[in-house]
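My notes follow in the order I checked things.

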Amino acid sequence: MNTEARETTSQIMKFPETGAVLPGLAELIAAELAPKVVDIDVHAQYPKDFMHKLGAIGGFASMTPTELGGSGRGLKHAIQVIEEVSKECVSSGFLVWAQYAFQWYMANSTNTALKAKILPQVAYGEILGGTGQSNSMKSCCGIEEARLKATKVEGGWKINGTLPWVSNIGTDHYFHMGATVEGETGLLIGFVPGNHPGLTLVPSPRFVGMDGTNTFACQFRDAFLPEEQVVCHAGAEFAAFRDRTKSAFILLQMGMGLGLIDACAAMMKRSNKTHAHVNRFLDDQAEDIEAALLEARAATYALADRIDRDGSAPYVKGTLELRLAGGELSLKAANAAMLHLGAKGYLLNNAAQRRLREAYFIAIVTPATKHLRKELAEMQQAPVCCAA
Ligand SMILES: Cc1cc2nc3c(=O)[nH]c(=O)nc-3n(C[C@H](O)[C@H](O)[C@H](O)COP(=O)(O)OP(=O)(O)OC[C@H]3O[C@@H](n4cnc5c(N)ncnc54)[C@H](O)[C@@H]3O)c2cc1C
């Protein structure tokens with residue numbers, strides 16, 4: 001078993017242990033993920049089998065209601081699953097996030113026929129998928145232009161444009177796209193199979209981290225989206241959908257940060273067994289990182305419970321603030337772990353340098369640090385933001 005993730009603050013502070021989060025999860029991570037982490041990171045190996053097996057034990061069921069085949073255990077539980085996976089590997093934690101984000105949009109759609117057909121399969125990992133919503137979120141906040149356009153045609157919509165990066169997809173996967181519609185506010189959101197006619201998946205150039213995430217550019221050339229595959233229409237329907245989904249969609253990403261920070265604190269403590277006499281001169285100590293982690297974890301779980309109770313809409317600002325702090329703490333923890341490990345941490349198969357690259361991803365994946373700061377600054381000026 002990879003020892004990095006096992007000596008965790010969960011054990012010290014009575015947060016649920018991996019087995020308590022989900023029966024079989026600890027064993028699955030130890031057997032199917034831990035031995036493959038370097039291949040995922042260095043050789044861009046997509047952990048497809050792990051994802052299907054995680055789905056089979058209920059790892060993706062939390063945000064689907066029981067009547068649609070899920071466990072309905074809620075947002076906090078989904079975050080905890082992402083956290084446990086991210087203690088070992090943030091690439092895989094991000095894939096679990098993508099699967100949950102995909103599921104969450106579906107669960108909030110008013111397209112009941114599509115939900116009933118797809119959600120049970122998503123909840124148990126028979127269908128894997130992702131979300132191409134970073135461009136949507138950035139365009140709604142005035143950061144960049146929307147890249148997809150939808151035009152009404154008989155029986156559906158014609159989609160044109162390119163999304164530069166969508167993860168956890170492939171020709172046998174599915175994802176959600178968002179497109180502008182002339183004369184309408186907001187976006188049309190569609191459910192798209194990876195082998196959809198008119199869609200080309202273009203493999204990304206190599207990334208320095210997160211390369212095992214099956215990330216593609218999605219080119220739409222007059223792709224027909226039938227009305228039955230519309231998750232949400234533009235206009236008032238989109239505004240209500242955004243309000244229902246936004247906070248949970250973003251808070252889910254805290255699972256990646258919490259898992260990574262926990263693993264970094266554990267690495268620092270292990271290093272201190274032999275190097276405490278010199279590590280103690282570093283700025284950020286294991287206890288500092290752990291204390292900040294415990295605070296962030298408690299705040300995340302409490303906010304997740306409140307969102308489950310009251311819905312996403314009242315908690316957008318609190319979510320953005322926490323997500324920003326989570327990205328910053330991830331960078332701090334990974335930096336501290338790297339400095340603790342020293343030259344050993346610089347080895348290609350050592351987790352310390354991988355954690356550094358993963359931490360940067362947490363800080364740059366949409367909503368990125370600069371995006372979060374922009375949105376929060378605008379909220380200061382006007383109480384209602386345009387955010388997707
Ligand atoms: C590994 C990985 C996985 C991702 N997975 C997803 C996903 O599943 N869903 C999703 O919606 N988004 C995904 N993204 C996008 C991510 O969420 C951010 O939107 C993206 O990293 C840009 O954010 P930014 O704030 O840095 O943007 P900006 O500050 O706006 O900078 C983006 C820069 O990247 C450049 N750029 C854009 N596309 C490419 C490209 N293909 N090659 C080279 N340069 C390019 C742009 O021109 C611009 O200069 C992924 C990104 C990465 C790196």
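I began with the ligand, and the space it takes is the largest pocket. A pocket here is an open set of points, on a 1 Å grid over the protein atoms alone, where a 1.4 Å probe fits, with protein on both sides within 12 Å along at least five of seven lines. A molecule sits in one if more than half of its atoms lie within 2 Å of its grid points. I note that this is a predicted model, in which local features need pLDDT of at least 70 and side-chain atom pairs count only at pLDDT 80 or more, while totals for chains, interfaces and linings use all residues. Residues are numbered from 1 along each chain as its sequence is written, and side-chain values use heavy atoms, with hydrogens and water left out.

Helices (H or I, at least four residues) and strands (E, at least two) are DSSP runs, numbered from the N terminus.

A polar side-chain atom of T366 lies at 2.7 Å, a side-chain N or O atom of K138 at 2.8 Å, and a backbone N or O atom of Q133 at 3.2 Å.

I came back to T366 for its backbone: the peptide bond from T366 to P367 is cis, with omega near 0 degrees. P367 is in the loop between α14 and α15 (369-381).

Last, I checked A44, which has a positive phi of about 55 degrees although it is not a glycine. A44 lies in the loop between α4 (37-42) and α5 (48-56).

Notes: A polar contact is a pair of N or O atoms within 3.5 Å; within protein, one must be able to donate a hydrogen and the other to accept it, and residues adjacent in sequence count only if both atoms are side-chain atoms. On a 1 Å grid over the protein atoms alone, a cavity is a set of points where a 1.4 Å probe fits but cannot get out, and a pocket is an open set with protein on both sides within 12 Å along at least five of seven lines; lining residues have an atom within 4 Å of a point.
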